[in-house]
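Here is a friendly walk through one protein model, meant to be read with the structure open beside you. Please have a look at it before reading on.

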Amino acid sequence: GIDDQHIKELLAGMVYGRNDQNDTTEGLFNILALTNALGPSMLDVNGNPVCVRTPGDLATTIAGCVPLNLLGAVGSITPEMMNYSSFVAHDELGYRMKQYFANISGDIAELPGGMLAFAAGVESRKENGFVQPDALIASGNTTGNAQTPTSGGFSVDEVYLELVIPLLRDVAGAQELEFNLASRYSDYDTFGDTVNSKFGFKWRPIDD
């Protein structure tokens, strides 16, 4: 059996990760505001240009709207026009990861090529993330790429075992012959479980 003299390392712990991201995008246009600004316009009683819903009818003036003429001369588009029709998008993204683990490793017995070594452990991990786009972006009424809020996550419980089996060393035709075995069982809460295994070997027939 395996006693304390064979155990090289016993480790347990917890890992927590967090990413927060805030994106600011300039140079986008509000399509609804742009539609108003490029629509019918006229001069009000003070001689100021205003947007109207019905041509020639000041009673249908759109409050706060600044008319925009994209075909005007260079410099005809004022900061006020841009401020009304454009907007700055603010998107928020987040990610969280929490993991608990316990690992043990050591030697089991001596073989002709060295010590039969093992490593085993259990792990439990949970990950989740979200994307919260600007409200105007989410509405789809902009010149930017439309996207809607989304979030999700998953959790997984795992157990694994690894063996290093040194069969031969310093003999004719096998200065070193070692096998490696490993297997991991994973149980996801989203789609089920899976087993992933590995087999490998290292053979050095001569010193070089």
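The report below goes through strands, a disulfide, aromatic pairs, a surface patch and one backbone angle.

## About the model

This is a predicted model, in which local features need pLDDT of at least 70 and side-chain atom pairs count only at pLDDT 80 or more, while totals for chains, interfaces and linings use all residues. Residues are numbered from 1 along each chain as its sequence is written, and side-chain values use heavy atoms, with hydrogens and water left out.

## Strand pairing

Helices (H or I, at least four residues) and strands (E, at least two) are DSSP runs, numbered from the N terminus. Two strands pair if DSSP finds at least two bridges between them. Strand 1 (residues 7-29) runs antiparallel to strand 4 (residues 86-111), and 20 bridges join them. Within this pairing, alanine 102 of strand 4 stands opposite alanine 12.

Strand 4 also pairs with strand 5 (residues 114-132), again in the antiparallel sense, over 19 bridges. These two strands form a hairpin, with two residues between them.

## The disulfide

How many disulfides does a search of the whole structure find? The search finds one, counting a pair of cysteine sulfur atoms within 2.5 Å as a disulfide. Its partners are cysteine 51 and cysteine 65, with sulfur atoms 2.1 Å apart. The link of cysteine 51 and cysteine 65 is left-handed, with -65° about the S-S bond. Cysteine 51 sits in strand 3 (residues 49-51) and cysteine 65 in the loop between strand 3 and helix 2 (79-85), so the pair ties together parts that are 14 residues apart in sequence.

Both cysteine 51 and cysteine 65 are buried. Here buried means under 20% relative accessible area, exposed means over 50%, and partly exposed lies in between (1.4 Å probe, protein chains only).

## Aromatic pairs

The structure holds four aromatic pairs. Rings of Phe, Tyr and Trp (its six-membered ring) pair if their centres lie within 6.5 Å; planes under 30 degrees apart count as stacked, over 60 as edge-to-face and the rest as tilted. One of the pairs is phenylalanine 154 with tyrosine 188, tilted, at 6.0 Å centre to centre and 40° between the planes. Phenylalanine 154 lies in strand 6 and tyrosine 188 in strand 7 (residues 174-188), so this pair ties together parts that are 34 residues apart in sequence. Phenylalanine 154 is partly exposed, with a relative accessible area of 24%.

Another tilted pair joins phenylalanine 179 and phenylalanine 201, at 6.1 Å centre to centre and 40° between the planes. Because phenylalanine 179 is in strand 7 and phenylalanine 201 in strand 8 (residues 192-204), the pair ties together parts that are 22 residues apart in sequence. Phenylalanine 179 counts as partly exposed at 22% relative accessibility, whereas phenylalanine 201 counts as exposed at 54%. Ring pairs also link Phe154, Tyr188 and Phe191 into a cluster.

Most residues other than glycine have a negative phi. Aspartate 170 is found in strand 6 (residues 150-171) and counts as exposed, at 56% relative accessibility.

## A residue in helix 2

Methionine 82 is found in helix 2. This methionine 82 is partly exposed, with a relative accessible area of 32%.
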